[in-house]
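Work through these exercises with the structure open beside you. Try each task before you read its solution.

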Amino acid sequence: MRFKRATVCFSLAAALVFSACGRGAGTDKKTGAEETAEDAVSTALARIDGTKWNYNEEADVYWQTGISYCADPADASYETLGVYVPGAYMTAAENDDGTYTCEINKEGTVAGYTAETAPIVLPVNTPGYAAMAAPDGYESQTAEYTDAGFVYVYAGCRGRDAGAPAGVTDLKAAIRYVRYNEGNIPGDTERIFSFGMSGGGAQSALLGATGNSALYTPYLEEIGAVEGVSDAVAGSMCWCPITNLDYADEAYEWNLGVTRTDLDEEMQALSDQMAEAFALYVNELGLKDEDGTTLSLEESETGIYQAGSYYAYVKETIEESLEHFLEDTSFPYEASSDGKGGFGGGGMPQNGAIEGEGGLPDKTELQEGELPDRTELQEGGLPDRTELPEGGLPENAENGLPDKGTGQMRPDGADASDDDIQRNESQSGIALSGTYETAQDYIAALNQEQEWVTYDDETGEVSITSVADFVKALKPASKSVGAFDDLDAAQGENELFGYGDGNGAHFDSVMAGLLAENETYGASYTEDLTKTDALGTSVETRVAMYNPLYYLCDYYDGYQTSDVAQHWRIRTGIEQGDTALTTEINLALALENYGADVDFETVWGQGHTEAERTGGSSENFIAWVNALYN
C-alpha cells in the first residue's frame, strides 16, 4: 500500500511538500506540549508504591493493579490501572505478605530492551466505545508483550454511556499518570503506544491525534488528572477505526449507498443528498496523494460524484488490496463462507464547525459545487437539490429504517451484535466459499454475478470496473440511512454524544440541515444540536474532540493545536459494512500529509476485525514497534 513504511521527515520542507491539509509546519499556534512544559507538575496522587508489587513466576512479570490515575474519579470502578513489567527490569525482595519491594534494574534486558528503553503499550479495548473494565489481577494476555520486553499498562475507562469525551479523557489521564511515574517504574515514557480495534481503534487514533489538546483540559481537571505532564503518545495502532465521524454518515452513503434497495422516494433523496454532501466536503478537505496531487471528486454520468482523482484513488486502493491478497495467497486456497469476521464497533459523525460557544450555526444549504463554511444548519427548508417530498419519514423498518420506538434495524429480528451497534441484513453481495485451485478460479468466483474484476497473472495487476461494482459484490450496506446518527437516535454513537443519562442524542449537523423541515425528525435533530454538556461544551465541539481530522487538516480550526503521534499503523478489512472505505483512507492521507510515519493497509477478504495481510495482529504490532526502536 502507498503508506507502507513511508517515513516522512518533520522538516519545514517536508511539511510544504506533503501538507495537503493546509498551513504546514509554519504556524504561530503554540502546541499543547509547549504550554504543558511551562507548567509545574501538580497532583494530589502519590506515585506507584514500589513495596506492593505482585509476581507471576511463570511469566516472570511483576504487576500491580487498582492504581488510581486521577484524584477525583467520576467512576472509581473504572478509573484505575494495572502495570505489568518484565521481571528482568526489577530487583526484588519478598515481603512478609507475599508481595515484593522492587527497585529498577537498569542492567536487565529483554528482547534487546532495558528498563530505560522499553516501549510502554496501552490497550484500548472499547468496541462500540464501550467502557473498559480495569484489571484486578494478573492478565494472561499481557504475556505476549512483556515477553517482547514491553511494559504493559492496562487502564480502565468509562464508556459511551458516560458521554464523549469521557473515554479518551480517562485514557489521557492514565497516560499522564504513567509519565508522572517516569523513573519510578520501568519503561520509556517517550515510547508510549496505544492500540485498539473498532471503537477501540478509533479511541487509539484519538490518543494519537489529540495529544495535549486544550479542548480536553477542563475534562481532565474535572477528574483530577495529573497536571503539567504530557498526554501525547509516540504511536498509535488502529484496526478498523470507526472514526472521522463528522462526515461518517455522508461517507457511508457515498460509498455504500449504492447497495441499498427498495428505498422509498424520501429516503433515496436523503441518501443522495448525503452522498453529495460528502463529495463537496472532500473537495474542500484538500487531501493530497504521495505525488502532491490534490484529490477531488467530480460529477459523473452514473452514481453520485463517482469520478475525479479522489475516486480514482479509492478505486486504486481496492485494486491494490486484491493484488496484495493474490500475492500473499498460496493456491489452492480455501475461502470461508463470507470472510467478513469480527464483532462490531462504534463510530459517529458530525461536522467540523467549532466556534466554542455552543448553539447552532445559521444554515446548511448545499450550493452547486461548494460546501458551506463548516456546514452550517439552514434556517428552513431542504437544499435545492432533490428536495425531500412532503410528509414525514417512514416510521417502520421496511426500507432499512428502525422500527420507531424499538431502534431495532434488523428485519429478521435477530439481536444486534455484542457492541450494541445496530445493523441491517446485507442487501446484496456474493458469497465466497470452498476451494479455489488457482488465482483465476478465485477471480471467476468474484465475477460470478457480473464481470467486474480482471487479473493479469503474469504481472499480478488487477483492474476493477468501478467502486460501485466492488461494493455491490463485497461491501453491501449493513446500516440504515443515518448509519451512525440514527433517525431515532438509537445507535451506539447517539448514546456516545448523549449526556450520561442513557439516552441518545443527534449530532450530525449535515443530516440536521437536510431534515430541517421534516415533520417527524427535523425538530429532534435541531433541538439536540443546541444542547451542551455539564461543562457547557456544545455537541459540535465534542464531536470535534472525537475526530482525528479536526487536528490534522486545516479545513478545521483544530489544525496544529495538538501534539500528533509520529508513528501510525492502520489496518482495515475491506469488506466491513461498519463504515465507509474512505474512513481509514482519509485518516491515513491526512496523517501522511501532516508529516507522520504511516504504515497503512486495506486487507482483502477480511471484514470488521483485527485485519492483517499475513500473521497475527499482536505479533505484527509488536514487530512494527520493534522495527522503530530495536
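Two strands count as paired if DSSP finds at least two bridges between them. Keep in mind that this is a predicted model.

**Exercise 1. In what order do the nine strands of the open sheet lie, and which strands stand at the edges?**

Step 1. Read off the order: E1-E2-E3-E9-E8-E10-E11-E16-E17. The pairing is mixed.

Step 2. Look at the edges. Strand E1 (54-56) and strand E17 (597-603) each have a single partner strand, so one side of each has no neighbour in the sheet.

Step 3. From one strand to the next it averages 20°.

**Exercise 2. How many bridges join strand E11 to strand E16, and which residue of E16 is the bridge partner of Cys-238?**

Step 1. Recall the background. Strands of a sheet pair through backbone hydrogen bonds, either parallel or antiparallel.

Step 2. Find the two strands. E11 covers residues 235-239 and E16 covers residues 567-573.

Step 3. Count. Five bridges join E11 to E16, and the two run parallel.

**Exercise 3. Describe strand E8: are its residues buried or exposed, and which way do they point?**

Step 1. Check the cover. Five of the five residues of E8 are buried. Here buried means under 20% relative accessible area.

Step 2. Recall the rule. In a regular strand the side chains alternate between the two faces of the sheet.

Step 3. Sort the residues. Ile-120, Leu-122 and Val-124 point one way from E8, and Val-121 and Pro-123 point the other way.

Step 4. Find the partners. E8 pairs with E9 in the parallel sense over two bridges, and Val-121 has Tyr-152 of E9 as its bridge partner. E8 also runs parallel to E10, joined by five bridges. Opposite Val-124 stands Gly-196 in E10.

**Exercise 4. At what angle do helices H4 and H5 pack, and which residues make the contact?**

Step 1. Take the geometry. H4 and helix H5 (residues 199-209) pack at about 55°, and their axes are 10 Å apart.

Step 2. Classify the angle. Angles of 65 to 115 degrees count as roughly perpendicular and those under 35 as roughly parallel. H4 and H5 are therefore oblique to each other.

Step 3. The crossing of H4 and H5 is right-handed.

Step 4. List the contact. H4 supplies Gly-167, Val-168, Leu-171, Lys-172 and Ile-175, while H5 supplies Gln-203, Leu-206 and Leu-207.

Step 5. Sort by class. The contact has five nonpolar, two polar and one charged residues.

Conventions. Residues numbered from 1 in each chain as written. Predicted model: local features only at pLDDT ≥ 70, side-chain atom pairs only at ≥ 80, totals over all residues. Heavy atoms only, no water. Helix = DSSP H or I, 4+ residues; strand = E, 2+ residues; numbered from the N terminus. Axes fitted to C-alpha atoms, helices over the stretch in contact; angles between N-to-C directions. Parallel < 35°, antiparallel > 145°, perpendicular 65-115°, else oblique. Left-handed = near helix turned anticlockwise from the far one by under 90°. Contact = heavy atoms within 4.5 Å. Nonpolar A, V, L, I, M, F, W, Y, C, P; charged D, E, K, R; others polar. Buried < 20%, exposed > 50% of the residue type's maximum accessible area, 1.4 Å probe, protein only.
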